[in-house]
Amino acid sequence: MKRAQGLALAIVLIFVSAACGRSGGAGTEAASQTGSSSSVAAGAADPTALAQGGFGDISKVCSPGDGAAKTASDKGVSATEIHVGTVTDKGFTGRNGLNKEMFDAAVAFAAFCNDHGGILGRKLVIDDRDAKLTDYNAVVLQSCEEDLALVGGGAVFDDGDNNARVDCGLPSIAGFVVSPKARVATLQVQPLPNPVYTFPSGPLAAANSIAPGSLTASAVLTAGLPSTIVVRDATVEAIELIGGKVVDKPEYSALGEANWSPFVLELKQAGVKFMHMVGEPENLALLQKAMKTDGYYPDVIIETANHYDKKLTDNGGDAIKNTWVQMVFTPFELASENKATKDYLDLMKQYNAGGKVALLGAQTMSSFLLFAKAATDCGVNLTRTCLLEKAKTVTTWTGAGLHAETNPGGNVGSPCFLFVKASAAGFEYDATATKPTKGRFNCDPKNLIELKNDYGVPR
C-alpha cells in the first residue's frame with residue numbers, strides 16, 4: 001500500500017512539474033514577506049495601490065460600481081454574490097496540501113476584492129473544489145450547478161471529468177492545465193497559455209550561450225512513466241529542432257533512486273554537456289550530490305520553474321552547480337523592484353496571513369485579476385457566455401506586472417523567459433544568462449517553436 005501511495009505521489013509531483021514548468025512554477029515559498037513598508041497602507045493617492053483597490057499596474061481591480069440594480073443573471077450569480085470554484089488537490093492523502101497555495105491565493109484575493117466593493121457591488125465567494133487527486137469529475141459536476149466559472153486552480157488529473165465541464169458550459173480561467181486533452185479543451189482561457197503544439201525553446205537554446213556547443217551533447221532524464229515520457233519526448237524534439245543532439249535519455253524510478261551514482265556515470269560516459277531533468281527538485285538535489293561525489297557535472301543544467309524551490313537549494317547545498325531555472329514570473333527575490341510581485345506578497349500578508357505563499361499562488365493571482373477584468377467588463381448582466389467572451393478579448397496580459405507578457409485570448413505560449421541561478425545561497429536573477437530584450441525578460445520571438453508531434457491530441 002505504501003509503495004502504491006508513493007508511486008501515486010511521484011506521478012502527482014511530476015505531472016505538476018510538466019504542467020507548471022512552462023507556466024510559472026509549482027510550490028516555491030517566498031523569500032520574504034517583509035522588508036520595505038507595506039504597499040497595502042501606502043499610496044493613498046495612487047489608484048493602483050492595494051489600499052485603493054488596485055494591484056500592480058491595474059487601477060480598481062474591484063469596486064462597488066455605480067449602484068445599478070442587479071438580479072440573478074446565471075448559475076453562480078445572484079443579485080448580491082458571485083460564486084466561483086477553485087480546484088486543487090490539497091486534500092490528497094499522499095501529499096497533504098498539494099497546490100494549497102492556489103486556494104490560499106483565491107481566498108486572499110476574494111477578501112481583498114470584497115474589501116473594495118466586490119465585482120461591481122457583488123460579493124465574490126470562493127467555493128473550495130478539492131479534487132483530492134481522484135475526485136476531479138465530482139467537483140466539476142458540483143461546480144457545473146453552483147459556480148459561474150472555475151478560476152485560478154489546477155488539478156493533476158484534469159482530463160478525468162469525461163468532458164463534463166464543457167458539456168455543462170462551465171468556463172475556466174485556470175491557474176494551470178496539465179493533460180494534453182485538457183489543454184486543447186474549449187470554454188477556457190489560460191492567463192499563462194500552455195498549448196500542446198508549441199514549445200518555449202529559448203531557455204534550451206540559451207545553453208549554447210552559457211557553454212558553447214553544449215546542446216550537441218544533451219541528456220533529458222525522466223521517470224519511467226508514460227506521462228513523464230511525453231514531457232521528455234517534447235523536450236527532446238525541441239532540442240533537436242533547434243540544432244542540438246540528445247545523446248542520452250536515462251529513465252529513473254518514479255519513487256526516486258537510492259543510488260544516483262550509476263546515472264552520473266552514464267551521463268559522464270555519454271559525454272553529456274547539457275542536462276535537463278523532468279521531475280522534482282528533491283531528486284535533482286540528490287543527483288547533484290552524487291555528481292559532487294563523483295567529480296562530474298554537465299556544463300549546463302537548465303530546469304523548469306517547479307525547481308524554483310528551496311527544496312533544491314536547501315537539500316543540494318554546495319553540490320548545486322551549473323544550474324539555472326527558467327521562469328516567466330519576476331522572482332520573489334526582486335519583489336522590492338517590482339510592484340506587482342510585492343503587491344502579491346503584501347496582499348497575502350494582509351488578507352490571508354496563514355496561507356502559503358508560492359509561485360503557483362502568484363499564478364492564481366494572475367487568473368483572478370483576469371477574471372475580475374472580464375467580469376467587470378460584463379457589467380451587471382454577468383453570464384458565463386459574457387465572461388468567456390470578455391476574457392478572450394485579452395490578447396496582451398502580464399498579470400498586472402507579475403509575469404512576462406502573454407496572450408490568453410489567442411492561447412499563444414509566451415516566448416519570454418528569465419533565468420535565476422541556483423546555489424547553496426538560494427536563487428539569483430542572472431541577466432548575463434538571460435540576455436534580456438524586454439525588461440528583465442528575454443522575449444525573442446524565436447524562443448517559441450512549433451512541434452511536429454501532436455502528443456496524443458491530433459490537430
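The protein chain holds 14 helices and 14 strands. Its radius of gyration is 21 Å, close to the 23 Å that the globule rule gives for 459 residues, so the chain is as compact as a globular protein of that length. The C-alpha trace spans about 70 × 45 × 40 Å along its principal axes. This is a predicted model.

**The parallel sheet**

- Four strands form an open sheet in the order S2-S1-S3-S4, and the pairing is parallel.
- Strand S2 (123-130) and strand S4 (172-173) are the edge strands, and each pairs on one side only.
- Strand S1 covers residues 81-88, and strand S3 covers residues 149-151.
- S1 and S3 pair in the parallel sense over 2 bridges.
- Gly-85 has Leu-150 in S3 as its bridge partner.
- Helix H3 (residues 136-146) packs on this sheet. The helix touches S1, S2 and S3. The direction of H3 makes about 155° with that of S2.

**Helix H2 against helix H12**

- Helix H2 spans residues 100-115, and helix H12 spans residues 359-377.
- Their axes come within 8 Å and cross at roughly 40°.
- H2 and H12 are therefore oblique to each other.
- The crossing of H2 and H12 is right-handed.
- From H2, the contact uses Glu-101, Met-102, Ala-105, Ala-106 and Phe-109.
- From H12, the partners are Leu-360, Gly-361, Thr-364, Met-365, Phe-368, Leu-369 and Ala-372.
- By class, the residues of this contact divide into 9 nonpolar, 2 polar and 1 charged.

**Helix H12 against helix H13**

- H12 also packs with helix H13 (residues 384-392).
- The angle between H12 and H13 is about 115°, and their axes are 8 Å apart.
- H12 passes H13 in a right-handed crossing.
- Phe-371, Ala-374, Ala-375 and Asp-377 in H12 meet Leu-387, Lys-390 and Ala-391 in H13.
- The contact of H12 with H13 has 5 nonpolar and 2 charged residues, with no polar ones.

**Helix H8 against helix H9**

- Helix H8 (residues 261-269) packs with helix H9 (residues 281-294) at an angle of about 65°.
- The axes of H8 and H9 lie 9 Å apart.
- H8 and H9 are therefore roughly perpendicular to each other.
- The crossing of H8 and H9 is right-handed.
- Ser-261, Phe-263, Val-264 and Leu-267 contribute from H8.
- They meet Leu-287, Ala-290, Met-291 and Asp-294 in H9.
- This contact of H8 with H9 counts 6 nonpolar residues, 1 polar and 1 charged.

Definitions and conventions: Residues are numbered from 1 along each chain as its sequence is written. This is a predicted model: local features need pLDDT of at least 70, side-chain atom pairs count only at pLDDT 80 or more; totals for chains, interfaces and linings use all residues. Side-chain values use heavy atoms; hydrogens and water are left out. Two strands pair if DSSP finds at least two bridges between them. Contact means heavy atoms within 4.5 Å. Axes are lines fitted to C-alpha atoms, for helices over the stretch in contact, and angles run from 0 to 180 degrees between N-to-C directions. Angles under 35 degrees count as roughly parallel, over 145 as roughly antiparallel, 65 to 115 as roughly perpendicular and the rest as oblique. A crossing is left-handed if the near helix is turned anticlockwise from the far one by less than a right angle, and right-handed if clockwise. Ala, Val, Leu, Ile, Met, Phe, Trp, Tyr, Cys and Pro count as nonpolar, Asp, Glu, Lys and Arg as charged, and the others, Gly among them, as polar. The radius of gyration is taken over C-alpha atoms; the globule rule is 2.2 Å times the number of residues to the power 0.38.
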